[in-house]
Amino acid sequence: MEHNLSGAARPIQRLRKMNTAAEGCTMRDAFGREINYMRLSVTDRCNLRCRYCMPIEGVPPTSHTDILRYEELLRVAQAAVSLGIDRFKVTGGEPLVRRGIVDFIRSLKALPGIKQVTLTTNGLLLPPLLDGLLDAGLDAVNISLDTRDNAQYQAITRSSHTADEVLHAVRLCAGRLPTKVNAVLLSETAAQLVPLARLAEELPVDVRFIERMPLGVTDIAAEPVHREVIGRLRAVWPDLAPVHERRGNGPARYFASSGLRGCIGLIEAVSHAFCASCNRVRLTSTGLLKPCLCYEQGTDLKPLLRGGADDAALRDAIEQAVRGKPAAHCFAERQAVTERKNMNQIGG
Ligand code: SAM
Ligand code: SF4
């Protein structure tokens with residue numbers, strides 16, 4: 001299969017299309033997809049070492065000077081908003097380990113034109129920060145939890161933390177702001193499908209099951225994918241059926257049941273390519289703007305930010321990255337994956 005790595009090889013549409021002032025700006029890539037969502041990684045550090053995300057020895061910490069300062073991240077966000085990217089997901093590493101994160105989210109949310117700021121976290125540091133985050137205007141949170149079993153949680157995260165700590169954070173968030181629980185599907189957690197889905201029965205939260213993506217150096221071989229997730233959940237909630245309304249900015253397919261307060265989501269990153277409707281770019285904590293998860297290509301914004309480039313140059317660089325967004329990822333053919341970074345360095 002041929003991978004179209006460069007939109008530049010195709011006839012380029014006028015990339016930016018100004019709508020009415022009230023509608024703001026819309027940016028489309030070379031394949032006509034509207035790009036309105038940026039994952040913004042604020043750190044590559046983390047208080048966990050999840051087996052599918054980081055190698056056991058961890059990754060050498062990036063020096064502080066290589067990580068974008070909050071003012072630099074805000075400058076990129078402002079330029080992105082002016083191009084039509086108005087939804088941001090703050091990610092990492094673990095974003096809550098970075099000092100000043102609540103004030104950063106407050107400043108991000110206050111940028112004119114921003115529609116939504118959400119956060120993805122492992123939840124461990126969330127409880128004492130929750131009131132501040134709500135006050136800062138955080139719109140929604142995703143909390144990662146792959147198992148409700150404490151011993152299994154410790155094995156997967158290679159830490160002494162427990163699933164109970166994460167569940168505490170989930171319970172605090174539920175009902176106070178839109179909350180999603182994200183579980184990466186692993187063969188060892190097959191028995192956790194129903195216990196995890198029960199969170200959507202107990203609480204007003206969505207529970208989403210994510211196919212593990214073959215990225216970075218990990219110590220696990222590829223697991224068989226749980227293709228039968230919905231079938232197995234239907235044994236407990238027989239009326240589980242697809243929901244057609246759009247929920248959030250992501251590629252999840254959602255299912256609802258009269259017995260559940262939240263929805264069940266499936267993020268089939270590998271088996272069910274959703275690239276045709278991809279709306280996102282990713283900014284790593286060191287300033288690389290990545291148009292697609294599985295390729296190492298990106299546009300390095302740090303030299304511009306630190307070299308005195310003006311806002312127009314920054315906008316041009318963002319447009320250049322969007323122009324280079326490939327048609328699709330290549331996870332089905334591992335040899336075509338050129339990204340060598342781990343997920344904690346990319347932001348998920
Ligand atoms: N530390 C935060 C957390 O765990 O939510 C934010 C960063 S983490 C890299 C973002 C998301 O990526 C998490 O939901 C995590 O489970 C997911 N993730 C990490 N490695 C993955 C992989 N190889 N395949 C699929 N999802 C992965
Ligand atoms: Fe840390 Fe999140 Fe990666 Fe786990 S998935 S090691 S919590 S960055």
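## Shell of ligand 2

Around ligand 2, the shell holds four nonpolar residues, two polar ones and no charged ones. The residues in question are C46, L48, C50, C53, G93 and N122. This is a predicted model.

## Ligand 1

Ligand 1 has 17 residues around it. G93, T120, S144, M213 and M343 are the closest. G93 also belongs to the surroundings of ligand 2.

The side chain of E94 places an N or O atom 3.2 Å from a nitrogen atom of ligand 1. M213 contributes a backbone N or O atom, 2.7 Å from a nitrogen atom of the ligand. T121 also uses a backbone N or O atom, which lies 3.4 Å from an oxygen atom of ligand 1.

## T43 and its loop

T43 sits in the loop between β3 (37–41) and α1. Its relative accessibility is 6%, so T43 counts as buried, the limit being under 20%. A polar atom of the T43 side chain lies 2.9 Å from the backbone nitrogen of R45.

Beyond four places in sequence, T43 touches T91, G92, G93, E94, P95, V97, S285 and N344.

Twelve strands form an open sheet with mixed pairing. Their order is β9-β10-β11-β8-β7-β6-β5-β4-β3-β12-β13-β14. The edges are β9 (241–243) and β14 (299–300). Each has a single partner strand, so one side of each lacks a neighbour in the sheet.

Strands of a sheet pair through backbone hydrogen bonds, in a parallel or an antiparallel sense. Strand β6 (residues 140–144) runs parallel to β7, and four bridges join them. V141 has T179 as its bridge partner in β7, and N142 stands opposite K180. On the other pairing, β7 meets strand β8 (residues 206–210), also in the parallel sense, over five bridges. There A183 is partnered by F209.

## Strand β7

How many of the six residues of strand β7 are buried? Six of the six, residues 179–184, are buried, so the strand is largely enclosed by the rest of the structure.

In a regular strand, side chains alternate between the two faces of the sheet. In β7, T179, V181 and A183 point one way. K180, N182 and V184 point the other way. Both sets are buried, the lysine K180 included.

## Nonpolar cores

The largest nonpolar core has 99 residues. Those touching the most other members are M38, F88, F104, I105, L108, F209 and I264. Helix α1 (residues 70–83) gives the most to this core, with nine residues. Another core lies apart from it, with six residues, among them I210, V243, Y254 and I267.

F104 shows the packing in detail. Leaving out neighbours within four places in sequence, F104 is in contact with L40, V42, Y70, L73, L74 and V90. F209, another of the most connected core members, is the β8 residue bridged to A183.

## Q152 in helix α4

Q152 belongs to helix α4 (residues 150–157). Is Q152 buried or exposed? Its relative accessible area is 18%, so Q152 counts as buried, under the 20% limit. Away from its neighbours up to four places in sequence, Q152 touches T147, E188, T189 and Q192.

How values were computed
Residues numbered from 1 in each chain as written. Chains lettered and ligands numbered in written order. Predicted model: local features only at pLDDT ≥ 70, side-chain atom pairs only at ≥ 80, totals over all residues. Heavy atoms only, no water. Near = heavy atom within 4 Å. Nonpolar A, V, L, I, M, F, W, Y, C, P; charged D, E, K, R; others polar. Buried < 20%, exposed > 50% of the residue type's maximum accessible area, 1.4 Å probe, protein only. Helix = DSSP H or I, 4+ residues; strand = E, 2+ residues; numbered from the N terminus. Pairing = 2+ DSSP bridges. Core = buried A, V, L, I, M, F, W, Y, C linked by side-chain atoms within 4.5 Å. Contact = heavy atoms within 4.5 Å. Polar contact = N/O pair within 3.5 Å; in protein donor to acceptor, adjacent residues only side chain to side chain.
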